[in-house]
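Have the sequence and the 3D view open, and follow along as we go.

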Amino acid sequence: MKRPICILGLGLIGGSLLRDLAACDQPVFGYNRSASAAHAAATAGFDVSPSLEETLARAEEVGALIVIATPMPAIPMLLDALLLHAPTCGFTDVVSVKRKVWELVLERGMQDRYVGGHPMAGTADSGWEASQTGLFQGAAWVITYDHAPDASPEWISLWTDVAAMILAVGAEAIPARVDSHDAAVARISHLVHIFAEVLAVVGDTGGALAQSLAASSFRDSTRVAGTQPALVQAMCETNATAVIAALDEALIMLHDARDSLAAPHPDISDLADAGYAARVRFEARHGARRESVSPIKISSRPLLRLHPGTPGWIRQLEHAESLGGRIEIF
């Protein structure tokens, strides 16, 4: 990476990123709105401030790459702060919805300075105290490239540094355009949160006996219901169109299952077979690390190597996106 990293927001994702970058000797500093959390991070030996204005002024002075690691509701305010206090810094983000962030960036004319990102990693916990080293190891981390056709050399350099940051913390950089990203995460993340909330409520209304009998299947399927409600709202509500499309698809299958169970001879074999086959495909795609006998960690995601800015590199990104493939930079 050609520049220091400045992280705004030191919760689970931002704090874990700060820890990992510091561990690999990357110059990194950060800001957190909570003075107590900022103090805790500073006491742990990290370069952290509770002053947004001072942190952004420093970022501007050293030409840092800024990482916005806050929930979606804070993004407009932070973009405005960047315009005022860090007008030349490039920036990325870790928000789980990309279309809305991209629109806010375009409204402010900041697209030449922005590369979107989203690490597919985390726990149900939040805050600095939940942060940890190694959180991103082997995780998919989306890097957007919607601006690539109009890119300047400076933007290509910024994009390359964002990819380098992703790789530095052990994640796998997966290119995707904002709409493709939002449609995908609606299916594999946001809809999962909605189902987890529903399952948690249904289980809870079963009373004490149901709760006493609940075991691993209930625990695993409702784990993300432990996420702070405001975070669930932010991710699902700002991606409502894509979530509705996935939810409509799911509702058709649920209604079919109900009708099948209400029939004189209940039969949900089609759903059970389809679900089993889908799970097997998922495990086949993600199981290479677990089942490999090689001591070398092998990713199940296809790998494409590219040189940003060279002829054909956007076609390579599109190809990687279509495969769900990861990239490396040379």
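Which residues does S16 touch, not counting residues up to four places away in sequence? They are G11, S131, Q132, L135 and F136. Keep in mind that this is a predicted model. S16 itself is found in helix α1, residues 12-23. Its relative accessible area is 0%, and since buried means under 20%, S16 is therefore buried.

Next, look at a pair of helices. Helix α7 (residues 178-204) and helix α11 (residues 240-262) pack at an angle of about 60°, and their axes are 8 Å apart. The two helices are therefore oblique to each other, and their crossing is right-handed. The table shows who meets whom.

| Helix | Residues in the contact |
|---|---|
| α7 | D182, A183, A186, R187, H190, L191, I194 and F195 |
| α11 | A242, V243, A246, L247, E249, A250 and L254 |

By class, the contact of α7 with α11 has 11 nonpolar residues, one polar residue and three charged residues.

Now turn to helix α14, residues 313-323, where W313, L317, A320 and E321 are buried. They cover an arc of only 100° around the axis, so they sit on the same side of α14. An α-helix has 3.6 residues a turn, so residues three or four places apart point the same way. What covers the buried residues of α14 includes α6 (153-168), β9 (172-175), α7, β10 (303-306) and β11 (326-329). On the face turned away from the buried side, you will find the exposed residues R315 and S322. After α14 comes G324, with a positive phi near 65°.

Key: Residues are numbered from 1 along each chain as its sequence is written. This is a predicted model: local features need pLDDT of at least 70, side-chain atom pairs count only at pLDDT 80 or more; totals for chains, interfaces and linings use all residues. Side-chain values use heavy atoms; hydrogens and water are left out. Axes are lines fitted to C-alpha atoms, for helices over the stretch in contact, and angles run from 0 to 180 degrees between N-to-C directions. Helices (H or I, at least four residues) and strands (E, at least two) are DSSP runs, numbered from the N terminus. Angles under 35 degrees count as roughly parallel, over 145 as roughly antiparallel, 65 to 115 as roughly perpendicular and the rest as oblique. A crossing is left-handed if the near helix is turned anticlockwise from the far one by less than a right angle, and right-handed if clockwise. Contact means heavy atoms within 4.5 Å. Ala, Val, Leu, Ile, Met, Phe, Trp, Tyr, Cys and Pro count as nonpolar, Asp, Glu, Lys and Arg as charged, and the others, Gly among them, as polar. Buried means under 20% relative accessible area, exposed over 50%, partly exposed in between (1.4 Å probe, protein chains only). The arc is that of the directions from the helix axis to the C-beta atoms.
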